[in-house]
Amino acid sequence: MPSMARNCLVINLDRCIGCYACEVACKMENDIALGERWNKVVQVEPFGEFPDVSTYWLPTMCQQCEDSPCTHVCPTGASYRDEATGMVLVNKEKCIGCKYCMMACPYGVRSWNKEQRVVEKCTLCNHLTAAGEKPACVKNCCGKARFYGDLDDPNSDVSKELAAASPDAIHHLPDAGNGPLSAYILSPRFGEWRADDLTQTTNLYVTTEGSVD
Amino acid sequence: MATTDISRRGFVKLGAFAAAAAAMSGSVGSNLVHVEPAVAAESSETQKVRTICRACLNNCGMIAHVRDGKVVKLEGDPDDPMNKGAACVKGLAGIQALYNPNRIKYPMKRVGERGSNEWERISWEQAINEIADVMWEYYQKEGPKSLVCSTGGGGNPQFFSPARFLSVWGGGNFFEPGCAQCYLPRNHMEFCLNGTADTSLADGPVTEVYLPGILPDSLCTPTKTYVMWGVGPSYHGIGSTGRVVTDLRNNGMKTVVIDPRLTPDAARADVWLAIRPGTDVALMLAWMNYIIENELWDKDFCREWTNLPFLVNEATGLTYRASDLGLGADDEYVVWDKATNGAKAMPYPFDPALDPQMFGTYELPNGEKARTAFQIMKDHVAEWTLDKAADICWLNADDIEKAINIYVEGCPNAGISLGVATDQARNSAQAAQGDAILDILMGCIRQPGSIVQDRPCYVEPCNYVVQPFGLHHPDHPLRMPEEEANARLGYTEHKGLGHWLASHIPTVLKAIETGEPYRPRIWIERSGNKLAMIGNATRFYNAMMTTDLNVHMYMHWTTTSVCLADYVLPTAEWLETAYAQDRLNTYAIRRPCTQLYECVDECMHWSWLAAALAERGHQRAIDSFNPDIAGKFYGTYWRTYEEYKDYVGYFVGSFYYDRDDWNWEKFDAQAPSEYQTIEEYAAKSYNSHLFPDEDNPSLPAGFHTTSRRCEPYFDGNILLGNTGAVDGTGTMEPASDVYPKSDNYNPLPYYLEPFESPLTDTEYPYVLTQGRLPFFHHGTLRNTPYTREMYPYPETWINPETAKEIGIENGDWLWLESRRGKTQGRARITKSVAPKVIYQERYWNPELLDSDDPNRAWQVMNINLLTQNNDECPFNDVYGTYTLRGITIKITKADGAPEGVWTEPEDFTPWLPEPSENTGGGNAVYGA
Amino acid sequence: MEIQWALVLFTVVSGAGAWLFACSMLGHLLKKDEEPNRAETIVSFVLVAVGGCMSVMHLSHVDRILEALNHPTSGIFVEAAMIGVLCVILAVYFVLLVRGSSKTARTVTGVLALIVGVVFTYMCGSSYLMEARPAWQTIALPLAYFGTAASAGAGLNLFMKAVQKRGDAAVSFAGLLAVIGGALGAVLAAAFCIAAGSYLAEAQNGAIAWVVALFVAAAVVVVCGAVAMKRPGNALAWGTIALVAGFVAAIALRAAMWLVGSPFMNFFLVALD
């Protein structure tokens with residue numbers, strides 16, 4: 001049996017200019033309510049001795065984990081991995097709202113739809129990608145920092161972007177054993193990847209809280 | 001004169017706006033190289049309309065998805081040469097702005113006291129006629145000076161509409177809160193010195209950066225070093241400017257960013273200089289000194305193509321003409337020739353037989369001693385060591401040196417862009433001079449990869465399609481009469497304002513307050529929220545409450561409408577309007593996607609007012625509808641929107657495509673399209689001063705200055721001070737009568753410590769700066785739910801050291817207080833600013849408009865309650881700039897957020913879009 | 001993280017029910033007492049069932065609960081399945097009891113209920129083992145769920161025996177079970193608290209107070225059990241206190257668990273209110 005595709009976003013932080021366009025592009029495309037989001041840019045709070053400080057902006061969303069805790073804990077299969085595309089998705093029709101997947105997501109990048117009372121998340125705009133378009137956040141990205149595609153396809157945008165990057169510039173979010181697929185590119189020229197320091201909330205500037213119910 | 005048949009070349013030579021127009025010389029031909037279908041069907045229901053944004057002045061290409069007459073989706077246009085598919089928060093918010101419940105939907109008339117927020121809906125006919133009645137009454141009683149018109153850069157302006165109207169009206173005053181505080185100083189002064197273009201990336205003339213990736217690699221020299229001086233491309237024209245700088249930087253371009261704030265571009269710079277707000281000119285003088293002392297300047301360029309070797313009359317400050325000393329003609333200058341060790345006439349172009357001394361003091365045949373312009377500059381900046389600048393600017397001298405060297409290494413394929421920051425302090429003109437001088441010294445003018453390029457730039461506000469009558473034609477019968485132009489408030493003192501036909505805001509306020517020299521009675525305003533955007537807003541409010549009639553034209557209710565207006569006129573969002581815009585070598589089109597309620601493009605408001613005045617007998621207004629008088633170039637005023645659109649089509653066709661028969665339909669059928677190839681576009685700038693002059697092909701074209709060289713020693717400043725008023729244009733033609741030098745503007749930049757200085761101010765110890773955010777353009781989008789969700793209140797950035805000193809923590813609500821007022825913000829403790837430097841951006845709170853005290857909407861979190869525009873705080877000499885950045889404040893902890901402001905995401909639910917039918921707008925119910 | 005009360009009550013109530021039956025069955029197997037009677041079976045059944053229903057209060061779409069059949073390996077499915085199985089076994093046991101069927105059948109069924117019940121209380125905790133909640137990622141967590149469910153069930157068992165005025169030996173044995181249950185709760189909860197120590201220390205949200213309550217309550221169960229063991233004749237008061245203390249201990253553990261359950265990372269800052 002052929003292995004599934006490994007579709008995900010790759011984000012070149014050398015190119016991310018902290019403009020937040022991906023957030024609003026995502027919300028407009030997917031009609032996401034106020035207080036909810038599938039995609040969010042956080043700033044790594046400037047660190048170092050002033051004025052020799054470093055910072056970068058870190059767009060966050062579902063990391064399309066290879067060993068996805070959300071699908072493991074979901075009692076109904078509402079959170080599932082799509083066999084054709086390999087995407088981790090939510091079938092909202094099956095969601096019973098137990099929120100275990102929200103607890104199990106290591107990054108807190110799942111969203112609670114208050115109106116429908118179900119869990120949602122980044123779908124990689126699969127309604128667009130299925131039609132050959134790019135996800136809204138990728139299309140509109142002002143720094144051209146976001147890439148979508150299959151890591152197993154050497155001709156995909158993500159593979160090409162990663163191939164062009166120096167290996168020491170390729171990073172992943174801290175891994176709690178889930179194997180995040182999304183990669184981040186940050187070259188030493190532009191900043192120092194904070195690695196596990198990212199799990200310390202004081203190292204991040206994160207605005208606008210949301211809540212479930 | 002016949003204004004209908006003016007050639008482009010004639011156009012170039014005529015205007016004070018040559019900065020924008022000059023490079024248009026030569027045929028642009030009819031290269032309809034790249035023709036895309038105007039409207040591509042996506043499905044039977046949804047149309048994709050190619051249009052251009054106007055959420056900021058970059059006008060990025062957008063695709064609007066329209067279904068059943070409603071705009072349902074926006075995305076960046078991937079075929080646009082500048083934004084290449086990118087779309088920012090502001091642009092994408094267009095739908096929420098269009099269908100916002102806060103739209104001004106119908107003409108409204110105030111029924112209660114001014115500011116009571118009680119209104120009745122009236123018809124367009126009633127509104128136009130009642131306003132025109134008052135205008136006509138004052139016109140007859142007190143003349144044209146009774147009227148003040150204003151606009152602003154935010155919210156889909158036809159920027160020169162007010163000035164166009166005043167040219168018909170026959171006098172009066174026009175202002176906008178940018179102008180002297182945003183772009184005018186750079187737009188005017190840099191062009192005066194380099195005879196080429198200003199360096200504003202946001203406003204459009206920096207075209208070179210867009211060529212890599214479009215121009216074939218073999219023809220392209222990417223910029224090697226880009227100095228962004230108070231420039232934050234990631235946060236202004238994001239889809240175009242942020243994208244393109246990122247492209248270049250990632251491809252190896254080195255960058256220096258000078259900014260008090262750690263912006264995304266500062267964070268990625270090779271050197272970030274976190275300069276103390278308001279001290280930029282001190283740093284520029286040190287850069288100049290370092291470059292001169294270390295002989296880093298471009299020897300050939302400075303000798304042959306600048307006025308630096310020219311000898312200067314020490315008494316007048318003017319460069320000598322050869323005729324002054326009996327050495328030659330009056331269009332020749334004087335140099336000290338090394339070979340003959342004597343003064344010699346320097347003709348145009350450079351005479352290679354001469355070997356001029358660049359520095360030194362020499363005794364002239366008439367016995368006077370004279371220095372070269374370069375020697376004067378050298379002496380002028382000699383005290384500005386790196387250490388001195390470091391001390392004043394709160395920087396490290398080694399970092400400054402490193403920054404200069406990175407810049408110098410890239411020259412001449414390099415350059416400096418100057419952003420808005422320096423336009424917002426009293427040293428505005430001088431900063432623009434300093435910026436221009438540095439690039440001239442380094443020969444970074446019209447070279448491949450350099451920032452200063454000789455290309456047409458129709459992105460900038462001074463070249464809107466809708467223009468004041470006679471702007472480029474001094475003899476046009478509808479041009480504002482000279483005596484009225486010279487009576488514009490503050491123009492005599494600050495003649496640089498003439499470049500934009502503008503008046504000086506504090507002087508306008510003083511006239512309203514005191515009646516001196518005359519009292520404006522009527523204020524017609526087209527922009528979002530003056531009370532949030534104008535410095536020292538309290539003074540502005542108090543003055544405008546005393547006028548006899550205030551009319552506000554805008555798309556959304558703001559504090560200007562609620563607190564100050566007597567009539568409110570519904571105006572069109574960018575998705576409702578028709579317009580044309582240059583995008584690099586492509587001409588793009590803004591197509592109306594829908595028209596809601598009774599909203600109308602502002603150009604029709606002014607047209608309808610002109611028509612109503614014409615009915616009452618106003619002769620100039622009558623003439624403005626006469627094609628024989630108005631001429632085809634400016635077009636008549638328009639009775640319907642179709643007439644206006646056809647004018648736009650005509651203008652684009654005649655000016656860009658050499659077609660005299662275009663209307664909107666013809667423009668629409670092929671737009672957007674290239675009007676020349678990118679190769680032509682690129683090549684027309686490089687070393688264009690060496691191209692044959694069009695009028696006299698035996699001579700090189702030179703630069704657009706008096707001496708046809710770059711004029712880093714800008715003695716034209718002296719002439720500007722004296723002659724700017726002569727014909728109301730601010731032209732640089734030499735004057736016959738030169739007033740004492742002490743009255744003049746300085747040919748060289750000089751440093752002024754901010755009037756309120758943290759070095760000496762113990763009561764208000766911190767220095768406040770402002771700066772762009774990616775969510776808003778000026779006062780706009782504070783009532784669109786997604787933008788407010790992302791940035792619900794203004795952040796007050798404070799360095800941890802300073803926060804500790806004051807005793808505040810992240811998330812604390814604060815009071816910020818200056819000598820003019822106090823307002824609130826919310827603390828973000830961050831190393832993104834230096835100790836003692838505070839950053840907060842302009843803000844206002846539409847959610848308070850319907851409260852018991854609507855004035856709180858512009859007061860509770862508005863940094864402009866603190867800024868300066870009062871006479872005690874000195875203005876810039878040339879432009880009258882008042883100080884918005886670099887004022888001193890103190891900070892205390894507040895009990896909490898201002899009462900009634902919205903901070904939680906769900907709070908903004910009432911502002912979610914309410915999709916509305918395409919009614920055809922006000923054009924469907926009224927016509928002049 | 002915020003305390004999810006529906007889930008707290010679910011595991012406490014159903015766990016206590018499971019352990020009530022288990023304790024009764026244990027007394028019977030060790031020949032200290034009669035076999036679990038109708039009242040004890042009914043109380044166990046009701047608690048397990050009511051507890052199960054409480055978990056449903058946590059859900060927003062109970063109507064889709066049958067979708068759970070789609071994913072039989074998830075922790076929640078296992079819990080739900082075990083509740084169902086346990087209820088069925090208890091019902092069968094009850095029927096056998098009422099019908100007076102063979103003793104062997106009853107014992108086999110009872111032992112089955114005992115095993116399923118206590119394993120269920122462990123499984124309830126094991127559902128929370130997830131990398132995203134590092135404080136929970138320890139075997140000590142399901143053990144503490146198991147242990148504190150035992151505290152609550154043993155306290156309830158002592159109370160039931162005392163109410164029914166069983167013989168001294170039976171009540172005394174119930175006292176012993178309470179001592180053991182309380183001790184199990186205390187020891188296994190302590191293991192969890194040690195494992196999650198750094199998170200506990202950092203939590204500024206009252207988790208420590210719940211931990212204190214937890215150990216006091218578990219100690220109370222032990223003391224009550226010990227006293228009842230010594231003086232079985234006067235056990236009702238002690239049984240009542242042990243019952244309350246056992247529930248408090250079980251609730252306190254779970255409350256503390258939620259409060260220390262800070263996420264590995266939380267970019268959206270979503271709070272599960």
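Biologist: What makes residues of chain B and chain A count as being in contact, and how many residues of chain B are in contact with chain A?

Modeller: In this predicted model, two residues are in contact if their C-beta atoms, placed from the backbone, lie within 7 Å, and 38 residues of chain B are in contact with 31 residues of chain A. The elements of chain B that each supply at least two residues of that side are β4 (70-76), α3 (89-92), α8 (238-250), α9 (264-267) and α28 (785-790), and α8(B) gives the most, with 6 residues. By class, the side of chain B that touches chain A divides into 20 nonpolar, 11 polar and 7 charged residues.

Biologist: Which residues and elements make up the side of chain C that touches chain A?

Modeller: Here 30 residues of chain C are in contact with 43 residues of chain A; α3 (75-99) and β1 (270-271) of chain C are the elements that give two or more residues, and α3(C) gives the most, with 3 residues. The residues on this side divide into 17 nonpolar, 8 polar and 5 charged. Of the 2 pairs of chains that touch, the pair with the most contacts is A and C, while chain B and chain C do not touch, their nearest C-alpha atoms being 12 Å apart.

Biologist: Why is Met82(B) called buried?

Modeller: A residue is buried if 20 or more other C-beta atoms lie within 10 Å of its own, and Met82(B) has 26 such neighbours, so Met82(B) counts as buried. The residue is placed in the loop between β4 and α3 of chain B, and, leaving aside residues up to four places away in sequence, it touches Cys60(B), Tyr210(B), Ser240(B), Arg583(B) and Leu584(B). Leu584(B) is 502 residues apart from Met82(B) in sequence, yet the two are 7.1 Å apart in space, C-alpha to C-alpha.

Biologist: How do you know that the buried residues of α23(B) are on the same side of the helix?

Modeller: In α23 (residues 627-634) of chain B, the buried residues in question are Ala630(B), Gly631(B), Phe633(B) and Tyr634(B). They cover an arc of only 130° around the axis, and therefore lie on the same side of α23(B). On the other side of α23(B), Pro627(B) and Asp628(B) are exposed. The helix is followed by Gly635(B), whose phi is positive, near 75°.

Biologist: Is Lys99(A) buried or exposed, and which is Lys31(C)?

Modeller: Lys99(A) has 23 other C-beta atoms within 10 Å, and because the cut-off for buried is 20 or more, Lys99(A) is buried. Lys31(C) has 9 C-beta neighbours inside 10 Å, and because 12 or fewer means exposed, Lys31(C) counts as exposed.

Technical notes: Residues numbered from 1 in each chain as written. Chains lettered and ligands numbered in written order. Predicted model: local features only at pLDDT ≥ 70, side-chain atom pairs only at ≥ 80, totals over all residues. Helix = DSSP H or I, 4+ residues; strand = E, 2+ residues; numbered from the N terminus. Nonpolar A, V, L, I, M, F, W, Y, C, P; charged D, E, K, R; others polar. Arc of directions from axis to C-beta.
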